[in-house]
Amino acid sequence: MKTFSATPADIDKKWIIIDAEGVVLGRLASIVATRLRGKHKPSFTPHMDCGDNVIIINAEKVQMTGKKRDEKFYWHTGHPGGIKERTKAQILEGAHPERIVTLAVKRMLPGNRLSRQIMTNLRVYAGAEHGHEAQNPEVLDVKAMNPKNTRSA
């Protein structure tokens with residue numbers, strides 16, 4: 001028996017749309033990272049981009065458990081005394097709430113060149129509107145997969 005290794009001709013990419021409203025952030029990111037990488041397919045090949053294209057809508061309505069909304073992100077501007085901080089709640093209420101979801105998914109992928117290429121297959125939108133109707137995306141209901149995936153505010 002030979003081990004199957006996918007070639008670019010063997011890869012079949014689908015478009016998937018996920019509604020993030022009321023879904024726990026870490027569980028959502030884990031499911032999306034699996035779909036982006038292609039590990040849900042029997043033809044998974046570790047060195048190829050064989051995952052699906054994923055669209056996430058309503059990223060601003062994602063939920064977090066515990067005190068994670070109050071956790072802070074720190075960064076430094078490079079100038080003396082230039083340390084900055086912002087909580088996840090401030091980012092979700094700000095101009096770019098989709099960055100929380102994007103960063104969570106990015107950190108669940110391995111840190112290599114392939115992961116940076118895979119991240120181009122992810123589109124995250126803060127609201128319900130997206131411009132990918134022409135791709136006919138299939139709906140993936142993350143809420144119905146497991147009752148722990150949802151959380152009421």
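A crossing of two helices is left-handed if the near helix is turned anticlockwise from the far one by less than a right angle, and right-handed if clockwise. The exercises below use this term and a few others on a predicted model, in which local features need pLDDT of at least 70 and side-chain atom pairs count only at pLDDT 80 or more, while totals for chains, interfaces and linings use all residues. Residues are numbered from 1 along each chain as its sequence is written, and side-chain values use heavy atoms, with hydrogens and water left out.

**Exercise 1. Describe the chain as a whole: how many helices and strands are there, and in what pattern?**

Step 1. Helices (H or I, at least four residues) and strands (E, at least two) are DSSP runs, numbered from the N terminus. The chain has 5 helices and 6 strands.

Step 2. Along the sequence they follow the pattern β-α-β-β-β-α-α-α-β-β-α.

Step 3. Along the principal axes, the C-alpha atoms fill a box of roughly 60 × 40 × 30 Å.

Step 4. Buried means under 20% relative accessible area, exposed over 50%, and partly exposed in between (1.4 Å probe, protein chains only). Of the 153 residues, 41% count as buried.

Step 5. A contact means heavy atoms within 4.5 Å. Among the chain's contacts with a separation of 6 or more, 70% are between residues 24 or more positions apart.

**Exercise 2. Describe how α1 and α3 pack: at what angle do their axes cross, and with which hand?**

Step 1. Two packed helices are described by the angle between their axes and the distance between the axes. Here axes are lines fitted to C-alpha atoms, for helices over the stretch in contact, and angles run from 0 to 180 degrees between N-to-C directions.

Step 2. The axes of α1 and α3 come within 8 Å and cross at roughly 60°.

Step 3. Angles under 35 degrees count as roughly parallel, over 145 as roughly antiparallel, 65 to 115 as roughly perpendicular and the rest as oblique. α1 and α3 are therefore oblique to each other.

Step 4. Their crossing is right-handed.

Step 5. From α1, the contact uses Leu25, Leu28, Ala29, Val32, Ala33 and Leu36, and from α3 it uses Ile100, Val101, Ala104 and Val105.

Step 6. For sorting residues, Ala, Val, Leu, Ile, Met, Phe, Trp, Tyr, Cys and Pro count as nonpolar, Asp, Glu, Lys and Arg as charged, and the others, Gly among them, as polar. The residues of this contact divide into 10 nonpolar, no polar and no charged.

**Exercise 3. Find the centre of the largest nonpolar core: which residues touch the most other members?**

Step 1. A nonpolar core is a set of buried Ala, Val, Leu, Ile, Met, Phe, Trp, Tyr and Cys residues joined through side-chain atoms within 4.5 Å.

Step 2. The largest one has 30 residues, and those touching the most other members are Ile18, Leu28, Val32, Ile56, Val101 and Leu122.

Step 3. Two or more residues come from each of β1 (15–19), α1 (25–37), β2 (53–57), α2 (88–93), α3 (98–106), α4 (113–118) and β5 (122–124). The largest share, 7 residues, is from α1.

Step 4. Take Ile56 as an example. Not counting residues up to four places away in sequence, Ile56 touches Ile18, Ala20, Leu28, Val32, Val101, Leu122, Arg123, Val124 and Tyr125.

**Exercise 4. Examine asparagine 58 and asparagine 136: is each buried or exposed?**

Step 1. Most residues other than glycine have a negative phi. Phi is near 60° at asparagine 58 and near 50° at asparagine 136.

Step 2. Asparagine 58 lies in the loop between β2 and β3 (72–76). At a relative accessible area of 6%, asparagine 58 is buried.

Step 3. Asparagine 136 is in the loop between β5 and β6 (138–139). At 61% relative accessibility, asparagine 136 counts as exposed.
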